[in-house]
Amino acid sequence: MVVKRTARRVPAKAAKATKTAKGTNYPEIRVRVRKPVVPPKKPRTPAKKPRRVAPAGAMTRTNTEAHALARSVAEVALAKKASDVLIIDTSARGSAVGYDYLVLATGDSEPQLDAVRSELEVRLKSEAQRVRSIEASPDWILLDLGDVVAHLLTSERRGQYDFEALWGDAPQESIAAHS
C-alpha cells in the first residue's frame, strides 16, 4: 500500500499573516511579517492670536472688573489693619500666570490674617463673587478669586519670598490707609 504524503494546510487567516521561509511549503517553518508602524496624525490646532502687550510702567485697565475686585480686596485688608497693601498688575503676562492682578497684604499674626480672610469672604459673598480656592498655613493665606489672586502674609514670609522683586517689571499700585 502506498501512502501519499501531503503538507498540512494553513488556515486562510493564518496564511495572510505569515509567509513560509525560503519558499518552502512547510507550515512549521514560518516567519511572521509585521506591518510597518505608522505614527498617528497630529490633530490640527488653531492658529494662536498674538497677545497685546501693555507698555511697562502704566497700570493697564483692560479688565476693569478685575481691577475693581483687586481694589475691594485691598480695602478689606486695610480695614482689618493689614499693612503694606500692594496691587500688582500682571495682565501683561496674564496668559502665562492665569490672573490679571495680584494683591499683597502683610499681617502681624495668624489671627489677623484669618480675620482678613473671613472679612473678604463676607464682602465677596455680598458682591455676588466667590472664592475659587483658599490655601492656608499659619503665616500665609492665598485666595484665588479668578482674575485676582490675594496673598495675605506675615512680614517674615513676605520678606522671604519678595514678591515685589519677582514682579519688579510689572506695574505696581501701593494702597495707603485713609486717614
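Predicted model: local features only at pLDDT ≥ 70, side-chain atom pairs only at ≥ 80, totals over all residues.

Visitor: In what order do the elements of the protein run from the N terminus on?

Guide: Elements are DSSP runs numbered from the N terminus: helices are H or I with at least four residues, strands are E with at least two. The protein has six helices and eight strands. Their order is α-β-β-α-β-α-β-α-β-β-β-α-α-β.

Visitor: What share of the contacts with a separation of 6 or more joins residues 24 or more positions apart?

Guide: Contact means heavy atoms within 4.5 Å. Among contacts in the protein with a separation of 6 or more, the share from residues 24 or more positions apart is 58%.

Visitor: How are α2 and α4 oriented to each other?

Guide: Two packed helices are described by the angle between their axes and the distance between the axes. Axes are lines fitted to C-alpha atoms, for helices over the stretch in contact, and angles run from 0 to 180 degrees between N-to-C directions. Helix α2 (residues 64-79) packs on helix α4 (residues 110-126) at about 135 degrees, with the axes 9 Å apart. Angles under 35 degrees count as roughly parallel, over 145 as roughly antiparallel, 65 to 115 as roughly perpendicular and the rest as oblique, so α2 and α4 are oblique.

Visitor: Which residues of α4 make the contact with α2?

Guide: From α2 come L69, S72, V73, E75, V76 and A77. Their partners on α4 are V116, E119, L120, R123 and L124.

Visitor: Which residues does V148 contact, leaving aside its neighbours within four places in sequence?

Guide: V148 is one of the residues that touch the most other members of the largest core. Leaving aside those neighbours, V148 contacts A66, L69, A70, Y99, Y101, V103 and L143.

Visitor: Is K81 buried or exposed?

Guide: K81 lies in the loop between α2 and β3. Its phi is near 65 degrees, a positive value in a residue other than glycine. With a relative accessible area of 66%, K81 is exposed.

Visitor: Where does D84 lie, and what is its relative accessibility?

Guide: D84 lies in strand β3. Its phi is also positive, near 50 degrees. D84 counts as exposed, because its relative accessibility is 56%.

Visitor: How far apart are the C-alpha atoms of G107 and L152?

Guide: G107 sits in strand β4. At 3% relative accessible area, G107 is buried. Along the chain, G107 and L152 are 45 residues apart, yet their C-alpha atoms are separated by 6.9 Å.

Visitor: What is the C-alpha to C-alpha distance between D139 and E156?

Guide: D139 lies in the loop between β5 (133-137) and β6. Not counting residues up to four places away in sequence, D139 touches L113, L152, L153, T154 and R157. D139 and E156 are 17 residues apart in sequence, and their C-alpha distance is 8.4 Å.

How values were computed: Residues numbered from 1 in each chain as written. Heavy atoms only, no water. Core = buried A, V, L, I, M, F, W, Y, C linked by side-chain atoms within 4.5 Å. Buried < 20%, exposed > 50% of the residue type's maximum accessible area, 1.4 Å probe, protein only.
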